Amino acid sequence: MEQEWRGLLQLLLDAQMLECKDFGETSTELASESSLSGASCSTTTPLTRVDSSTVSVNVERTVAMLALTAIHDVFKAEALLPRVRPEHSPFQGFVTDEVINDHDIAMYYVLDFFPDALPSFAGLSPRMQRSILFTQSKMSFNHGWLVQGEAPPSALFSKFKEVISAGDAEPADIAFYFVHWLTDLAGAVPSPLDGSEKLVLSFPQQVLGSFIRSFKV
């Protein structure tokens, strides 16, 4: 179990949601270099020492993640699905006046062309907005295929690579995407009274560990 927690620590550092206090770097590779004397934050640090004295929360990126978590499935409500305006046609396979019936593409469309429609997104900095837009790109990435070896690299990563190459994605945005993937999974079966129990009661620890270990791939 400790290995899984270390994997999560690394993911949050790579996503720049956590930062090592000693040297102001968010990359765990930099943080764990032995040449940096006095380092107190790395993925080899005993987990009992990883606390507010060794890491700090990057508030801007954490707020962005919370905003994304709140809005990303809004367009599963079919009544809210947008139609493509003439000036935006064609848009990812949808033409003028056609309802965008893919909730992820619908979200990207609204965030890209009508960001003020979602105030929690509109209030973020341009950099955080770009990070969120990257997570909503249509990457056709199936994490289960990767973990279970069910598809060749081209099927897994070709669209992912295309999205990265076409945009302004930073390395931290890729890790940010995987943090979002994990929070999305955790909230897949919400309960008004008990909160999200998916990762606690419904997800085998061995499978969850496989996903966490795969993030560094």
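Visitor: Is Gln16 buried or exposed, and what is its relative accessible area?

Guide: This is a predicted model. The cut-off for a buried residue is under 20% relative accessible area. Gln16 therefore counts as buried, for its relative accessible area is 18%.

Visitor: Where does Gln16 lie, and what is its phi?

Guide: Gln16 lies in the loop between α1 and β1 (18-20). Although Gln16 is not a glycine, its phi is positive, at about 60°.

Visitor: How many helices and strands does the chain have?

Guide: From the N terminus on, the elements run α-β-α-β-α-α-α-α-α-α-α-α-α. The secondary structure of the chain comes to 11 helices and two strands.

Visitor: What share of the residues in the chain is buried?

Guide: The chain exposes about 12000 Å², and carbon and sulfur atoms supply 54% of that area. Of the 217 residues in the chain, the buried ones make up 38%.

Visitor: Which residues have the most contacts inside the largest nonpolar core?

Guide: In soluble globular proteins, nonpolar side chains tend to be buried together. Here the largest nonpolar core has 43 residues, and those with the most contacts inside it are Ile100, Leu111, Phe121, Ile132 and Phe176. The helices α1 (2-14), α3, α4, α6, α8 (153-166), α9 (171-186) and α11 (205-214) each supply at least two residues of this core.

Visitor: Which residues does Ile100 touch, not counting residues up to four places away in sequence?

Guide: Ile100 is placed in the loop between α3 and α4, and it is buried, with a relative accessible area of 0%. Ile100 and Phe75 are 25 residues apart in sequence, while their C-alpha atoms are 9.5 Å apart in space. Not counting residues up to four places away in sequence, Ile100 touches Leu81, Pro82, Val84, Phe91, Phe94, Ile105, Ala106 and Tyr109.

Visitor: Why is helix α6 described as largely enclosed by the rest of the structure, and which of its residues are buried?

Guide: Helix α6 spans residues 126-135, and seven of its 10 residues are buried, so the helix is largely enclosed by the rest of the structure. Phe121 touches Gln129, Ile132 and Leu133, among others, not counting residues up to four places away in sequence. The buried residues of α6 are Met128, Gln129, Ser131, Ile132, Leu133, Phe134 and Thr135.

Visitor: How many aromatic pairs are there, and what kind of pair do Phe91 and Tyr109 form?

Guide: Rings of Phe, Tyr and Trp pair if their centres lie within 6.5 Å, and planes over 60 degrees apart count as edge-to-face. By this rule the count comes to six aromatic pairs. Phe91 and Tyr109 have their ring centres 4.9 Å apart and 70° between the planes, so the pair is edge-to-face.

Visitor: Which two residues does a cis peptide bond join?

Guide: The place of Pro90 is in the loop between α3 and α4. Gln92 lies in that loop too, and its phi is positive, near 45°, in a residue other than glycine. The cis peptide bond has an omega of about -5° and joins Ser89 and Pro90.

Visitor: Which residues form a nonpolar patch on the surface, and what is their accessible area together?

Guide: Val57 is in strand β2 (residues 55-57) and counts as exposed at 51% relative accessibility. Val59 is in helix α3 (residues 59-71) and is exposed as well, with a relative accessible area of 57%. The patch is formed by Val57, Val59 and Val63, whose accessible area together is about 260 Å².

Key: Residues numbered from 1 in each chain as written. Predicted model: local features only at pLDDT ≥ 70, side-chain atom pairs only at ≥ 80, totals over all residues. Heavy atoms only, no water. Patch = residues over 30% accessible without salt bridge, like charges linked within 9 Å, V, L, I, M, F, W, Y side chains within 5 Å. Areas by Shrake-Rupley, 256 points an atom, 1.4 Å probe, with all protein chains shown as cover. Salt bridge = Lys/Arg side-chain N within 4 Å of Asp/Glu carboxyl O. Helix = DSSP H or I, 4+ residues; strand = E, 2+ residues; numbered from the N terminus. Buried < 20%, exposed > 50% of the residue type's maximum accessible area, 1.4 Å probe, protein only. Phe/Tyr/Trp six-rings, centres within 6.5 Å; stacked < 30°, edge-to-face > 60°. Core = buried A, V, L, I, M, F, W, Y, C linked by side-chain atoms within 4.5 Å. Contact = heavy atoms within 4.5 Å.
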